[in-house]
Amino acid sequence: MLQLIAWIVLALVHLMPALAFFRPATLTALYGIKPDNPLFLLMHHRAALFLAVFVACLWAAWRPEARQVAGIATAISMLGFLWLYWRAGAPAPLRTIARVDLIGLPFLAFALWGAFKPS
């Protein structure tokens with residue numbers, strides 16, 4: 001049951017940016033990027049990748065055989081962003097995103113432990 005909860009929390013961490021795939025205006029609200037900015041298309045594609053992580057986390061919540069791959073993808077997403085955020089000097093406009101990922105780290109650690117622990 002705790003593994004299920006951890007995976008659902010990880011899915012929720014990726015929900016808002018994933019929704020931007022279906023509602024691109026969310027990109028302006030989340031990141032301040034206007035549709036006429038050339039980076040808008042890149043961020044829209046990024047939303048598709050967040051959708052993939054979101055779906056992988058939900059899949060892993062109910063299918064234990066998916067947990068290792070989902071865990072690796074989720075770790076790359078969260079730890080990759082946090083590392084890049086830190087290397088960029090922790091820009092204030094991205095602080096909320098960093099905080100959400102930091103809050104999700106204990107859930108990620110627990111999910112990874114469950115996915116990779118010896119049987």
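User: Which residues of H1 meet which residues of H5?

Analyst: This is a predicted model, where local features need pLDDT of at least 70, side-chain atom pairs count only at pLDDT 80 or more, and totals for chains, interfaces and linings use all residues. Residues are numbered from 1 along each chain as its sequence is written, and side-chain values use heavy atoms, without hydrogens and water. Leu2, Gln3, Ala6, Trp7, Val9, Leu10 and Val13 of H1 meet Val100, Asp101, Gly104, Phe107, Leu108, Phe110, Ala111, Trp113, Gly114 and Ala115 of H5. Contact means heavy atoms within 4.5 Å. Helices are DSSP runs (H or I, at least four residues), numbered from the N terminus.

User: Why are H1 and H5 called oblique to each other?

Analyst: Their axes cross at roughly 140° and come within 9 Å. Axes are lines fitted to C-alpha atoms over the stretch in contact, and angles run from 0 to 180 degrees between N-to-C directions. Under 35 degrees counts as roughly parallel, over 145 as roughly antiparallel, 65 to 115 as roughly perpendicular, and the rest as oblique. H1 and H5 are therefore oblique.

User: What is the hand of the crossing of H1 and H5?

Analyst: The crossing is left-handed. That term applies if the near helix is turned anticlockwise from the far one by less than a right angle.

User: What makes H1 roughly antiparallel to H3?

Analyst: H1 and H3 pack at about 165°, with axes 8 Å apart. That angle makes the pair roughly antiparallel. H1 passes H3 in a left-handed crossing.

User: How many nonpolar, polar and charged residues does the contact of H1 with H3 have?

Analyst: It has 18 nonpolar, one polar and no charged residues. Ala, Val, Leu, Ile, Met, Phe, Trp, Tyr, Cys and Pro count as nonpolar, Asp, Glu, Lys and Arg as charged, and the others, Gly among them, as polar. The contact of H1 with H5 has 13 nonpolar, three polar and one charged.

User: What is the volume of the largest pocket, and what makes a pocket?

Analyst: The volume is about 300 Å³. Among the 18 lining residues, Arg46, Phe50, Ser77, Phe81 and Leu84 are the closest to the centre. On a 1 Å grid over the protein atoms alone, a pocket is an open set of points where a 1.4 Å probe fits, with protein on both sides within 12 Å along at least five of seven lines. Lining residues have an atom within 4 Å of a point. Grid points are joined across faces, edges and corners, and the volume is the space filled by probe spheres set on them.

User: Which helix gives the largest share of that lining?

Analyst: H4, with seven residues.

Key: Helix = DSSP H or I, 4+ residues; strand = E, 2+ residues; numbered from the N terminus.
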